[in-house]
Amino acid sequence: MFFRKRRTLMAGALALSCLASTAWAQASDYPQKTVTLYTAFSIGSGPDVVLRILSQALGKKWKQPVVVENRPGGGGFIALEAVSKRAPDGYSLLQLDSEHIAALPHLYKTRHYFPLEKFDLVAPLFYTPFMIAVSEKSPWKNLTELIDAAKKNPDSVTYGSWFVGSPGHLGGQWLGSLTNTKMLHIPYKEVSQLYTAVANAEVDWAFGTIPSTRPVYDSGKLRYLAIAAPERHSLYPDVPTVAQAGGPGELDVNSIVSLVAPKGIPVEIRDKIHADISDILRDPQVRKRFDSFAFEPLNWTLTQLRERLDQKSATYKDLIDSANISLD
């Protein structure tokens, strides 16, 4: 009896050893063919461009082709549905922002679609904060004046965003909630259309990333009242934080972009991809190219990434429920 148990234990240990060796071999040999980086963003957008920078660097590192395939539209569902059906082998990865992961479940309640039930987090890529932008023609010279105007005349102050449920929309809801003001949201179909409307004073203000607003800002038609972040940005050191501008310090509007894989990717392959991307994002030349978009490369662990996404999800749920926002 003793020897039979011992043989069983030895066989189990041998099987685990073989599995570990196989997993190590899979990771050490990965990749052996073309890797496709899908993205929910359109060609030429900031996330698309930096993903192509990453794909070139990964191709050199892995000595295999790494290609980018755009699947924009449908609020992210086109990309999500297409890539979720791919094999979980590390050869199909998907670029999403934190809103695809943290806001979609609350905006489309009847779909019961939770991206992290269908995908595994693989690697954080970058973080981008949002500025509060007004027309250069705006009478408001600082954030306090904007908030005071909203308090004085509810629904008289308008803010725009690029679609319902976007960070610009939910950020506006958050600012209103924190300041006990009610402002009127006006959604636009295109980002470029939105900031042209702000510049022309057709809408009073909007949140915007630096790369999306910079062309109009550089033309002298936009003014930044504040950055919705804990610290000022190195590119615009004269622009105060929301707290420094007299607004609520807890307002932190940003987007986190990361790579995910269909659920079930082997841990060893996931960890190899994460480590290799982390190495690339530490490269000074790559960082310099990211800096040109005002995107901050991230070196978070997957646990840290998940914690930030869970925090965003809780914030978005409260904002969406309280404002009764639905895209169903």
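This is a predicted model: local features need pLDDT of at least 70, side-chain atom pairs count only at pLDDT 80 or more; totals for chains, interfaces and linings use all residues.
Okay, let's start with the overall layout. The chain splits into domain 1, which is residues 35-127 plus 255-323, and domain 2, residues 129-245. If you take the centres over C-alpha atoms, the two domains sit 26 Å apart. They do touch: 15 residues of domain 1 are in contact with 13 residues of domain 2.

Now, the inside. The largest nonpolar core has 74 residues, and L94 and W205 have the most contacts within it. Which strand gives the largest share of this core? That's β4, residues 119-135, with 8 residues. And this core takes at least three residues from each of the two domains, domain 1 and domain 2.

Have a look at W205 while you're there. Leaving out residues up to four places away in sequence, W205 touches a whole list of residues, including I132, A133 and V134, then L146, V157 and Y159, and also M183 and V198. Apart from that core there's another one, with 31 residues; Y30, V35, V50 and Y91 are among them.

Helix α2, residues 46-62, packs against helix α12, residues 284-291, with the axes 10 Å apart and an angle of about 170°. So α2 runs roughly antiparallel to α12. The crossing of α2 past α12 is right-handed. And who meets whom?

Technical notes: Residues are numbered from 1 along each chain as its sequence is written. Side-chain values use heavy atoms; hydrogens and water are left out. A nonpolar core is a set of buried Ala, Val, Leu, Ile, Met, Phe, Trp, Tyr and Cys residues joined through side-chain atoms within 4.5 Å. Buried means under 20% relative accessible area, exposed over 50%, partly exposed in between (1.4 Å probe, protein chains only). Helices (H or I, at least four residues) and strands (E, at least two) are DSSP runs, numbered from the N terminus. Domain bounds come from an automatic or database domain assignment. Contact means heavy atoms within 4.5 Å. Axes are lines fitted to C-alpha atoms, for helices over the stretch in contact, and angles run from 0 to 180 degrees between N-to-C directions. Angles under 35 degrees count as roughly parallel, over 145 as roughly antiparallel, 65 to 115 as roughly perpendicular and the rest as oblique. A crossing is left-handed if the near helix is turned anticlockwise from the far one by less than a right angle, and right-handed if clockwise.
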